[in-house]
Amino acid sequence: MNQDSDSSDQPTGQDPLLLLKTLQLLWTKKEMKKQLKEEIRRGFAGLEDPLAGLLDMLESSSDWKGKGHSLGYYITTELQLWIKEHPAVQQSGIKLKKLQARVLRILAQCPANLLDPLISIYQLHTADRNYLLGHVSHLYHKGDYKEAAILSIKLKLQPDQDVEKMCTPLLLQDKTNLVEDYVGEYPELQSKLLQILDTWCEPGFNIRDITRQYQGLSRYKPDKFNRKMLSKLVFRLLDRFNVDPALCPNVINQRHLRTLNYLFYKRFVEKTMTQENWTDHVQSTVGENQWLQGHLIQLLISYCDLKTAARWAQRCNLPKEMLPYGVADELQKIQIQERVEEATKADNYEESTKKDYYQLPIPRANIHFLQTWEETLQCWEKVLRPGQVVGIDMEWRPSFGMVGKPRVSLLQIALNDEVFLLDLPRLLEHAETEGGKEKLPHFIQMLYSDAAITKLGYGMSGDLSSLAATWPALKDTDKQAQGVVDLLTVDKQLQKSSIDWKKGSRKVDVLSLEQSNEDRGFRQPEKGLSLLVQHVLGKPLDKTEQLSNWEKRPLREEQILYAASDAYCLLEIYEKLCKDPASFGLSSDLTASLVGKSSIKPRAKKQLNKQEVLSPSGQQCKGSKKETSCCPAPISPKEFSVVCDNMLQGLGRYLRCLGVDVQMLENEDDHRKAAEIARQEGRVILTSGLPYQTLQSQVAEGRCFSVNCSEKAKEQALQVLKHFNVQVSLADIFSRCQVCNCDKYLKVSRERMRQLVEGSRQAPGDSGAGCPVRSKEKPSQSCDAAMPACNAAQPSYTLHSEWPEGLDQCGASMVLAGGTVLQVAAIPPGVLDKPELTDFYCCTRCGKVFWEGSHFGRVVSQFQDVLVTTGDEHL
């Protein structure tokens with residue numbers, strides 16, 4: 001007892017700095033943590049003024065200024081707990097005001113983890129608001145913009161501050177996450193911020209007019225603040241804060257302009273969109289907006305002619321002063337009869353091509369378009385029968401990158417002899433007015449949850465995600481689904497089989513090229529479900545109505561037939577595969593393995609949380625720690641196909657280097673294009689950060705993977721390979737062209753290559769009989785600047801060892817029979833004289849020439865761990 005009394009009279013209990021020294025000594029000894037806590041509490045009990053004593057200790061030590069766990073943080077949090085146990089210690093308002101200046105000085109320098117306990121201990125929320133605003137303003141004018149914003153957030157001062165003044169320097173420093181936190185709890189500030197960002201997207205606006213006053217910023221990135229980046233930021237904030245997009249007209253106009261460009265590409269370059277669909281979308285996109293209408297006229301002049309531009313100018317009722325030179329004159333010459341003749345000509349051409357596509361085998365009278373609940377009863381009675389097999393598909397209006405998830409406009413259900421098309425917008429409208437909101441969702445849930453009914457789909461998980469966005473009552477349908485067969489999974493099995501679909505059971509010769517443009521009628525290669533239909537049933541689907549405006553009523557006859565075909569073809573595919581799986585390279589027990597097998601797995605919340613953990617930068621870094629219940633079956637790189645988002649081109653190049661089939665988005669491409677490619681070609685999406693939220697909902701379960709955004713491309717590649725259990729062998733390295741992704745090479749001996757090179761040098765500038773000259777091609781090593789020189793690449797398998805008769809030598813160019821030019825002029829001098837080089841490898845698609853060198857060894861070394869685990873024992 002006396003000993004305790006004597007201890008309380010010691011200077012250690014009276015002087016905060018002596019107490020600090022004692023605590024610092026204990027802090028360095030891990031085994032003294034319990035004693036440290038007891039000493040802190042005993043020390044504060046002995047201090048005359050614990051609140052002032054804490055400030056003395058913080059001001060005298062720099063330990064607490066670092067990030068993470070520190071002695072200062074430990075002492076502060078212990079005092080916070082101790083005060084709750086001893087409320088009488090809390091000082092009066094007058095005493096607290098005397099300490100506020102010291103507290104604010106510390107707050108301006110302390111890490112984020114100290115802000116909350118200090119604010120709580122010194123009751124800064126109850127302090128004079130003008131005093132706090134003045135201190136934040138002082139920090140701001142010192143250039144401590146981040147500290148000013150964080151303190152404002154902690155003290156909830158945002159409503160009394162100028163949002164543009166506070167957020168502009170943070171945006172210029174690329175601290176968008178902090179800006180989002182600043183306006184996060186205040187809808188009015190969110191709207192103001194979005195309006196400010198939208199004004200920065202006005203045509204002719206120069207961001208440097210804003211940045212001149214902030215030249216001294218650290219991490220200053222004005223060049224990154226271009227219109228494209230601003231547009232992406234605005235759309236992300238519109239989506240996050242659920243703000244009306246009409247608040248940002250400039251950004252919306254720019255997005256609509258990109259949609260216009262995309263529509264022109266689909267119609268006039270790819271030629272995969274009908275005139276009717278294209279017209280519907282163009283009209284919907286430009287609306288009454290004269291700015292967009294003006295750009296439409298310019299695009300029409302570029303892609304079509306003055307007459308077509310004049311017709312659209314007439315349709316849009318544009319004033320003559322807005323029309324480019326020549327369009328106004330052409331407008332006066334247009335006759336209605338000319339338009340009718342052109343439309344008839346286009347209809348006749350499109351009708352003549354229908355015979356080349358899959359034809360619906362049931363009468364038109366057996367396709368039922370249902371708009372009322374009474375009409376859907378006949379569908380219900382026929383579909384919900386045990387043992388039934390139904391094909392299900394859905395259609396929605398293309399979003400073209402706009403905010404929000406697509407809402408299903410049409411639900412197609414196909415039976416053996418008829419197809420039901422459910423008009424969901426009209427049925428939803430009727431349900432609201434007639435009080436039957438639960439009936440249709442109940443029917444759909446019964447259908448998907450009934451294991452006795454086999455449901456066929458293609459990419460069914462993405463369809464159900466869109467259905468849930470349309471009708472919230474169906475949000476758990478994917479978790480309850482039983483007896484479903486996703487033919488996308490079957491399609492992947494078909495692609496892995498040894499049969500080459502383009503040539504039946506015959507192997508394609510290495511030099512066989514694609515059919516000529518004349519033979520294909522300039523048709524784009526088939527993808528996705530259309531390609532599966534072609535493989536199994538002999539003819540592809542006619543996808544020209546795919547990008548229809550499915551919300552517009554009434555639907556055109558072409559849309560109705562397309563929608564019915566999309567669902568009914570699933571039945572025919574399934575029936576044919578089950579009857580004779582062996583002829584398609586599938587296992588003989590296909591029927592038993594597919595009937596009633598669920599391919600839609602409920603998403604475990606635990607797994608999702610691990611995938612969606614936010615990094616300090618606000619981006620998602622997923623994949624490296626993802627846990628799965630079982631390891632996926634091992635596959636080779638040849639069986640693995642991906643599409644890389646445009647921020648992962650380095651990853652894409654590494655994967656292609658290892659033999660993976662990789663498509664990469666261009667820098668200007670919208671992220672959503674990855675989902676379109678993935679659905680059409682059955683690829684896995686590789687993305688990173690915020691786009692994952694959008695993309696993963698648009699493809700099937702497990703078909704979108706987010707790599708760790710903080711890692712380098714090589715580590716990302718290893719992460720992807722391990723996650724999907726892709727086993728790489730020596731034979732896979734450089735089995736694909738690094739430039740064009742082709743996996744077919746022509747093997748050329750050194751002596752023959754020498755003859756070709758000498759021939760190309762003997763006739764500079766002369767291409768012979770019409771052959772193109774490629775003597776100015778860049779060297780092969782330029783094909784991949786992000787990795788070591790590609791000229792060292794050795795494609796590790798030989799598809800053809802003889803010199804083909806189909807190769808022509810024309811001046812400086814060596815041309816394959818299909819027109820591919822071998823870039824022999826790109827081979828640097830001296831390479832042909834290396835004795836260790838006996839063969840060269842030429843890409844049969846782009847003509848790049850590769851040869852063995854040190855880069856092959858470097859790649860083997862870089863991915864040694866992966867190669868070892870695949871069983872390459874000779875390494």
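Trainee: Which residues are linked with Arg750 in a network of salt bridges?

Mentor: The general idea comes first. Side chains of opposite charge can pair when their charged atoms come close. In this structure, which is a predicted model, the network joins Arg750 with Glu751, Arg754 and Asp833.

Trainee: How many salt bridges does the count come to?

Mentor: The count comes to 32 salt bridges. One of them is between the side chains of Glu78 and Arg41, with 3.4 Å from N to O. Glu78 belongs to helix H6 (residues 71-85) and Arg41 to helix H4 (residues 33-46), so this pair links distant parts of the chain, 37 residues apart.

Trainee: Is Glu78 buried or exposed?

Mentor: Glu78 has a relative accessible area of 7%. The cut-off for buried is under 20%, so Glu78 counts as buried.

Trainee: Which residue forms a salt bridge with Lys142?

Mentor: The partner of Lys142 is Asp144, and their closest N and O atoms are 3.5 Å apart. Lys142 counts as exposed because its relative accessibility is 54%, while Asp144, at 23%, counts as partly exposed.

Trainee: Where do Glu185 and Lys156 lie?

Mentor: Their side chains meet in a salt bridge, 3.6 Å from N to O. Glu185 sits in the loop between helix H12 (176-183) and helix H13 (187-199), and Lys156 in the loop between helix H10 (145-155) and helix H11 (163-172), so the bridge ties together parts that are 29 residues apart in sequence. For Glu185 the relative accessibility is 58%, which means exposed. Lys156 counts as partly exposed at 40%.

Trainee: Now the aromatic rings. How many aromatic pairs does the count come to?

Mentor: A pair of aromatic rings is described by the distance of the centres and the angle of the planes. The count here comes to 18 aromatic pairs. Among them is the pair of Phe264 and Tyr303, with 5.2 Å centre to centre and 40° between the planes, a tilted arrangement. Phe264 is in helix H16 (residues 249-269) and Tyr303 in helix H18, 39 residues apart, so the pair links distant parts of the chain.

Trainee: What is the relative accessibility of Phe264, and what is that of Tyr303?

Mentor: Phe264 is at 0% and counts as buried. Tyr303 is at 36% and counts as partly exposed.

Trainee: Which two residues form an edge-to-face aromatic pair at 5.5 Å centre to centre?

Mentor: Those are Phe705 and Phe724, whose planes are 75° apart. Phe705 is part of strand S10 (residues 704-706), and Phe724 is in the loop between helix H36 (713-723) and S11, so the pair ties together parts that are 19 residues apart in sequence.

Trainee: Which residues do ring pairs link into a cluster with Tyr303?

Mentor: The cluster contains Phe264, Phe268, Trp278 and Trp312 along with Tyr303. Together with Tyr265 and Val269, Tyr303 makes a nonpolar surface patch of about 260 Å². A residue needs over 30% relative accessible area to be in such a patch; Tyr303 is at 36%, so this requirement is met.

Trainee: Next, the sheet. What is the order of the strands in the open sheet of three strands?

Mentor: Strands of a sheet pair through backbone hydrogen bonds, either parallel or antiparallel. In this open sheet the order is S11-S15-S16, and the pairing is antiparallel. Strand S11 (745-749) and strand S16 (849-850) are the edge strands, each pairing on one side only.

Trainee: How many bridges join S11 to strand S15?

Mentor: Five bridges join S11 to S15 (residues 839-843). One of the partners can be named: Ser749 has Asp839 in S15 as its bridge partner.

Trainee: Finally, the protein as a whole. What share of the residues counts as buried, and how many helices and strands are there?

Mentor: Of the 875 residues, 50% count as buried. There are 39 helices and 16 strands. The accessible surface of the protein is about 42000 Å², and carbon and sulfur atoms hold 49% of that.

Trainee: What percentage of the contacts with a separation of 6 or more comes from residues 24 or more positions apart?

Mentor: Such residues account for 71% of those contacts.

Definitions and conventions:
Residues are numbered from 1 along each chain as its sequence is written. This is a predicted model: local features need pLDDT of at least 70, side-chain atom pairs count only at pLDDT 80 or more; totals for chains, interfaces and linings use all residues. Side-chain values use heavy atoms; hydrogens and water are left out. Helices (H or I, at least four residues) and strands (E, at least two) are DSSP runs, numbered from the N terminus. Buried means under 20% relative accessible area, exposed over 50%, partly exposed in between (1.4 Å probe, protein chains only). Contact means heavy atoms within 4.5 Å. Accessible areas come from the Shrake-Rupley method with a 1.4 Å probe; for residues, only the protein chains shown count as cover. Two strands pair if DSSP finds at least two bridges between them. Patches are made of residues with over 30% relative accessible area and no salt bridge: like charges are joined within 9 Å, nonpolar side chains (Val, Leu, Ile, Met, Phe, Trp, Tyr) within 5 Å. A salt bridge is a side-chain nitrogen of Lys or Arg within 4 Å of a carboxyl oxygen of Asp or Glu. Rings of Phe, Tyr and Trp (its six-membered ring) pair if their centres lie within 6.5 Å; planes under 30 degrees apart count as stacked, over 60 as edge-to-face and the rest as tilted.
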